[in-house]
Amino acid sequence: MPSVESEAISDATALAGAIAKGALSADQAMEAAIAAASSHAGLGAICRLETDQGRATAAALEQERIVDPDRFAERPFAGVPTLAKDLGGPFAGFPVRAGSRMLDGRLDSTMDSDLAGRFRDAGFALFGLTTTPEFGLSLSSEPVRGPICRNPLDPRLTAGGSSGGAAAAVAAGIVSIAHATDAGGSIRVPAACCGLVGLKPTRGAIPGGPLFGNHLGGIVGELAICRSVRDSRMIFEAVRGRARGPFADPAEAAPVTGRLRVGVLAETGLEFPTDPARSGAVLEAAGALERAGHTVARLNWSDFAPLVSASSAIFADIISVNLALLVDTLSLDPGHAEPLTAAFVERGRRISAAALWTSLDAAVHVSHKTWALFDSLDCLLMPMLATAPLPIGSFPSDHDDTDLHLRRMTAFAPLAGLANISGFPALTLPFGADTEGLPLPVQLMAPMGAEGLLLSLAARLEAEGRWQHCFPVSGLAA
């Protein structure tokens, strides 16, 4: 297999550029990814391989590069191998199991979601599905049906969840970018665990149809886990807009020029404290933005604690009711589910219509109060994780205490769910490493429609060069 020198950043943009220039073919890129999937099989990042489909798609794209180079050039990720998450989508030919034995043989998709179609139009060559916890209910990806997903930076630790398989595959260089979904931090937490970039877009920015099977009352954002800010920007621009419901496409916020007002939250209170290294990374990032000419204002946890508490309760109600409805609609057998999943099903069945309505109404107020934070600020800078990635087994599913599980997740990522419940865009990226070589992630939030602002600030922080990937992208030289 020929090896190709990457650009300064080993990412999907570099790989797409190498394929476009003919430095390697789409077929060779696919073979490199399949080989990397085999060599990194012990990570448990991939739960299903469809190598024949991957090779066929790569061959068709390579043929297009030769016979219709103009069409090929229109695709921003032409020939780039990728993986879909085993939750969300769906992608035709890749049956979703959501990490659950309950769905064996039940959801063999013959159609693409609107987003899946845009992924294909962008030129991606799909060859498998990534590991997720059962129905995405955890911030670690360890489904009983297997495989257990491990962090490439330290296999004793979690790669996060629920898009843990996507993050592990991207961090290990199996693929340069991977589809992911985010209902309560599920793009951003795995990205943070593995030293990657994760953007949860504004509510309504990314299509969720035509089935809206992973809509969850609007709290879900779908996009990708990336190795660079430029990849996040490119995939967002490639698939955004024209969502065709249930919300109007969010208006793109007017560019903010000159000095920005950055609100900085470095600590997360006594109940869910953030460790000094991760608080320190937020302050260091604030210093970098201040040196770039922006104004920084320190914020207090007391401004966020009620929003975090409300978001956690709303999230619990929405996912529980949704799961109970899915199980009953498809006549699934909770006896085949993990004990924790079965407990969430029962929790959902006990929630009354009035209680659910109260939660949905509370979500509107969370969004309104989050808007108020931006009356005097252009963006927020805060911790993504409260601690380093936790050991495998830290989020067990062999019990029925849903409150304990939800509390464990909040303690790990206190500020993850706020963006989902409020609908605001949020982005995480690494800003340095701790004494163990693990990433120090920070999170940025901005007003609805201000992904451009988030990506610009993230690019400024990325340019500090405080984090280096440990593994090159398959097909690109180290």
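Modeller: In this predicted model, contact means heavy atoms within 4.5 Å.

Colleague: On that basis, which residues in α15 do Val229, Ser232, Arg233 and Phe236 in α8 meet?

Modeller: The contact of α8 with α15 has 5 nonpolar, 3 polar and 3 charged residues by class. On the α8 side it is made by Val229, Ser232, Arg233 and Phe236. Their partners in α15 are Glu451, Gly452, Leu455, Ser456, Ala458, Ala459 and Glu462.

Colleague: How are α8 and α15 oriented to each other, roughly parallel or roughly antiparallel?

Modeller: Helix α15 spans residues 451-462, and its axis lies 9 Å from that of α8. The two pack at an angle of about 160°, and angles over 145 degrees count as roughly antiparallel. The pair is therefore roughly antiparallel.

Colleague: Is the crossing of α8 and α15 left-handed or right-handed?

Modeller: The packing angle of this pair is about 160°. As for the hand, α8 passes α15 in a crossing that is left-handed.

Colleague: At what angle do the axes of α1 and α8 cross?

Modeller: Ala12, Thr13 and Ala14 in α1 meet Arg230, Asp231 and Met234 in α8. By class, this contact has 3 nonpolar, 1 polar and 2 charged residues. The helices are roughly perpendicular to each other; their axes come within 8 Å and cross at roughly 75°.

Note on methods:
Residues numbered from 1 in each chain as written. Predicted model: local features only at pLDDT ≥ 70, side-chain atom pairs only at ≥ 80, totals over all residues. Heavy atoms only, no water. Axes fitted to C-alpha atoms, helices over the stretch in contact; angles between N-to-C directions. Helix = DSSP H or I, 4+ residues; strand = E, 2+ residues; numbered from the N terminus. Parallel < 35°, antiparallel > 145°, perpendicular 65-115°, else oblique. Nonpolar A, V, L, I, M, F, W, Y, C, P; charged D, E, K, R; others polar. Left-handed = near helix turned anticlockwise from the far one by under 90°.
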